[in-house]
Amino acid sequence: MQKAIFIFLVFLGITLSNGANAQRKTYLGVKGGYNLSKAYFFHSFFGSDIVTGFESGFQGGIIAMNYLRNHVGLQAELLYSQKGWRQKFSNGEPDFVTELSYVELPLLVNIYSGKDRLHFFANGGCFVEYLVNVKQSATPSDVSGQEFSPFEESRDNKFGYGFRGGIGTFYDFNFGTILLESSFTYSLSDMMDAGQLSSHTSTDHIPTTSKNMVIGFSLAYMFSFGEL
């Protein structure tokens, strides 16, 4: 991950230096939207039979964009983002729902096209996040014969990181700028700490791989600061 971040920062430096003499347009605003997330679990030795489904959540915060005249720009956000999953059981037990709420900081490179007021863009980059809240449904009464490894706040990881990419469009109205974006987020870090044994559950094996995947849809309202 450190190597990937280093390469990304070098690319940012080249982008900024190439556009040092170009005029820029800066946007700042608020955004909110909908998350649809699920998790992937696997144990490097035992495999995994955990079946997960999608769980919905909320994302919201502030967004800043800085565009160069050569159709390349930067996008940074500070978000409150709800992620999670549903574990499904084959014995008729209700789904076990896990909701993890993070403060998330994405940093993205944007490639955009269009002219006048309407623009289209694609972006990609990395994010870091910190866990601020955990919410889970009641523990199933019968998980015998099935793998069950719930998230434990006292044991598992609060800090995470990964990649994010997306596509979208924005339009400059007289009263401000409206942005629509769809994104995909994949965590490179693991949510669960497989190096520790759980003292609160009767699970056999904590997954060595526990990734979160999120499809996001968001709407933003921004002010333009014109040419900077």
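Biologist: Why is the pairing of R86 with D95 called a salt bridge?

Modeller: The closest N and O atoms of R86 and D95 are 3.7 Å apart, and a salt bridge is a side-chain nitrogen of Lys or Arg within 4 Å of a carboxyl oxygen of Asp or Glu, so this pair meets the rule. Side chains of opposite charge can pair when their charged atoms come close. The model is predicted, so local features need pLDDT of at least 70 and side-chain atom pairs count only at pLDDT 80 or more, while totals for chains, interfaces and linings use all residues. Residues are numbered from 1 along each chain as its sequence is written, and side-chain values use heavy atoms, with hydrogens and water left out.

Biologist: How many salt bridges does this rule give?

Modeller: The count comes to 14 salt bridges, among them the one between R155 and D156, whose side chains meet at 2.6 Å, N to O.

Biologist: Are R155 and D156 buried or exposed, and how do you know?

Modeller: Buried means a relative accessible area under 20%, exposed means over 50%, and partly exposed lies in between, as found with a 1.4 Å probe and protein chains only. R155 has 8% relative accessibility, so R155 counts as buried, and D156, at 6%, is buried as well. R86, in contrast, has 28% and is therefore partly exposed, and D95, with 27%, is also partly exposed.

Biologist: What makes K31 and E181 a pair that links distant parts of the chain?

Modeller: K31 forms a salt bridge with E181, the closest N and O atoms being 3.4 Å apart. K31 belongs to strand β1 (residues 24-42) and E181 to strand β8 (residues 176-187), 150 residues apart. Strands here are DSSP runs of E with at least two residues, numbered from the N terminus. K31 is buried because its relative accessible area is 7%, and E181 is buried because its value is 5%. Both residues also belong to a network of salt bridges that links K31, E77, R164 and E181.

Biologist: What is T177 paired with, and why is that called a polar contact?

Modeller: The side chain of T177, a residue of strand β8, lies 2.6 Å from the side chain of D172. A polar contact is a pair of N or O atoms within 3.5 Å; within protein, one must be able to donate a hydrogen and the other to accept it, and residues adjacent in sequence count only if both atoms are side-chain atoms. The T177 pair falls within that limit, so the name applies. T177 itself has 2% relative accessibility and therefore counts as buried.

Biologist: How many cavities does the search find, and what makes a space a cavity?

Modeller: On a 1 Å grid over the protein atoms alone, a cavity is a set of points where a 1.4 Å probe fits but cannot get out, and lining residues have an atom within 4 Å of a point. The search finds 2 cavities of 30 Å³ or more. The largest holds about 80 Å³, and its lining includes R164, S183 and V214.

Terms used
Helix = DSSP H or I, 4+ residues; strand = E, 2+ residues; numbered from the N terminus. 1 Å grid on protein atoms, 1.4 Å probe; cavity = no way out; pocket = protein on both sides within 12 Å on 5 of 7 lines; lining within 4 Å. Points joined across faces, edges and corners; volume = space filled by probe spheres on them.
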